[in-house]
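Here is a short tour of one model, written to be read with the structure open beside you.

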Amino acid sequence: MTETITVEVVFVAPDSQAFHELELSLGATVSDAIALAGLAEDYPEFSFTDLPVGIWGRLVALEQQLQGGDRVEVYRELLVDPMEARRLRALDPTPDPSESH
């Protein structure tokens, strides 16, 4: 019997998010996990071989071997710099409905 590990794969798109808990063979890589999660099929507008990836917030290569309990995170380019977004919101006189009491 082949030894397996359990990992999570997460990706957040502009309008949705993906979370997959997967069982992989010992020795599997980040690339293997992303392929098994089916992200390329679910999000064809992204090139998952070009996006940066990490494990628990630390950048790694696609060839990085996984360990049980790893959380593979696929990062995408931000549409707006967070600091710039806050600056623009501060300049906007229209109240944010999500901040109403």
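## Aromatic rings

Phenylalanine 11 and tyrosine 43 are both buried. This is a predicted model. The ring centres of phenylalanine 11 and tyrosine 43 lie 5.2 Å apart with the planes at 70°, so this pair is edge-to-face. It joins distant parts of the chain, with phenylalanine 11 in strand S1 and tyrosine 43 in the loop between helix H2 (39-42) and S3, 32 residues apart.

Phenylalanine 46 and phenylalanine 48 make a tilted pair, because their planes stand at 55° and their centres are 6.2 Å apart. Phenylalanine 48 has 7% relative accessibility and therefore counts as buried. Through ring pairs, Phe11, Tyr43, Phe46 and Phe48 are linked into a cluster. Across the whole structure, a search finds four aromatic pairs.

## The sheet

Now for the strands. Five of them form an open, mixed sheet in the order S2-S1-S5-S3-S4. Strands S2 (17-25) and S4 (58-60) are at the edges with a single partner strand each, so one side of each has no neighbour in the sheet. From one strand to the next, the twist averages 30°.

S3 (residues 53-55) pairs with S4 in the antiparallel sense over three bridges, and valine 53 is found opposite valine 60 in S4.

Helix H1 (residues 30-37) lies across S1 (4-12), S2, S3, S4 and S5 (71-74), and runs at about 120° to S2.

The largest nonpolar core has 24 residues, of which Val30, Ile34, Leu39 and Leu66 touch the most other members. S1, S2, H1, S3 and S5 each supply at least two residues of this core. Beyond its neighbours within four places in sequence, valine 30 has contacts that include Val53, Ile55, Leu66 and Val72.

Technical notes: Residues numbered from 1 in each chain as written. Predicted model: local features only at pLDDT ≥ 70, side-chain atom pairs only at ≥ 80, totals over all residues. Heavy atoms only, no water. Pairing = 2+ DSSP bridges. Helix = DSSP H or I, 4+ residues; strand = E, 2+ residues; numbered from the N terminus. Axes fitted to C-alpha atoms, helices over the stretch in contact; angles between N-to-C directions. Contact = heavy atoms within 4.5 Å. Core = buried A, V, L, I, M, F, W, Y, C linked by side-chain atoms within 4.5 Å. Buried < 20%, exposed > 50% of the residue type's maximum accessible area, 1.4 Å probe, protein only. Phe/Tyr/Trp six-rings, centres within 6.5 Å; stacked < 30°, edge-to-face > 60°.
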